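The sequence and the model come first, followed by notes grouped by topic.

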Amino acid sequence: MSESTTREERFARGLEMLGSVNPEVGQLVVDALADISPEMGHQLVAWGFGEIYSRPQLVPRDRQLVTLGMLTALGGCETQLEVHVHTALNVGLTPEQIAEALLQSAGYCGFPRALNAMAVAKKVFAERGLLPVGQQPTDPSAASA
C-alpha cells in the first residue's frame with residue numbers, strides 16, 4: 001500500500017474489500033459504532049481491511065482460516081467468529097474445511113474453545129441450510145440434479 005494514500009482512500013479501499021468478502025457486514029459495523037466510537041469503525045475498515053486484509057500475500061480464503069483459528073484460540077469472540085464463519089463460506093471455504101480447522105484448533109487451544117467455535121459454526125451452517133455437514137453437494141450444479 002502506498003504511504004501517500006489519504007485517510008478517506010484507505011477507508012474506501014477497506015469498505016470495498018469488506019464488501020467483496022462479506023457485503024452484509026461492512027456498513028453495519030460502521031453504523032453500530034457510530035454513536036459510541038466512529039473512529040473505531042473507521043479504523044476497523046481503513047486499517048483492518050484497507051491496509052491488512054487487502055494485502056496480496058494471502059488470498060481471502062487463507063486469511064479466513066487464520067482468522068478462524070485466532071478467534072477460536074482467543075475465546076470469548078463468538079460474535080466476531082460468527083461474522084467470520086459467514087465470511088469464510090463467502091470466500092470459498094466449505095463447511096467441511098471450516099469444521100476441520102476448528103477440530104484442528106482443539107489440539108492447540110483446548111476442547112472448550114474449539115467446542116464453542118464449533119457451536120458458532122453450527123449456528124451459521126444451520127442459517128445457511130448447510131447441515132448436516134458432509135451431506136451437501138460439493139458441486140452447486142448437483143443440487144438441481
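A pocket is an open set of points, on a 1 Å grid over the protein atoms alone, where a 1.4 Å probe fits, with protein on both sides within 12 Å along at least five of seven lines; its lining residues have an atom within 4 Å of a point. The model is predicted, and local features need pLDDT of at least 70, side-chain atom pairs pLDDT 80 or more, while totals for chains, interfaces and linings use all residues. Residues are numbered from 1 along each chain, and side-chain values use heavy atoms, without hydrogens and water.

**Overall build**
- The protein chain has 7 helices and 0 strands, where helices are DSSP runs of H or I with at least four residues and strands are runs of E with at least two.
- A box of roughly 50 × 40 × 30 Å along the principal axes holds the C-alpha atoms of the chain.

**Largest pocket**
- Its lining is made up of 25 residues, and Leu-44, Phe-49, Thr-67, Gln-80 and His-84 lie nearest the centre.
- At least two lining residues come from each of α1 (7-21), α2 (26-33), α3 (38-53), α4 (60-74) and α5 (78-90).

**Helices α4 and α6**
- Helix α6 covers residues 95-109, and its axis comes within 9 Å of that of α4, crossing at roughly 40°; axes are lines fitted to C-alpha atoms over the stretch in contact, with angles from 0 to 180 degrees between N-to-C directions.
- Residues in contact (heavy atoms within 4.5 Å) include Arg-61 and Leu-65 in α4, and Gln-97 and Ile-98 in α6.
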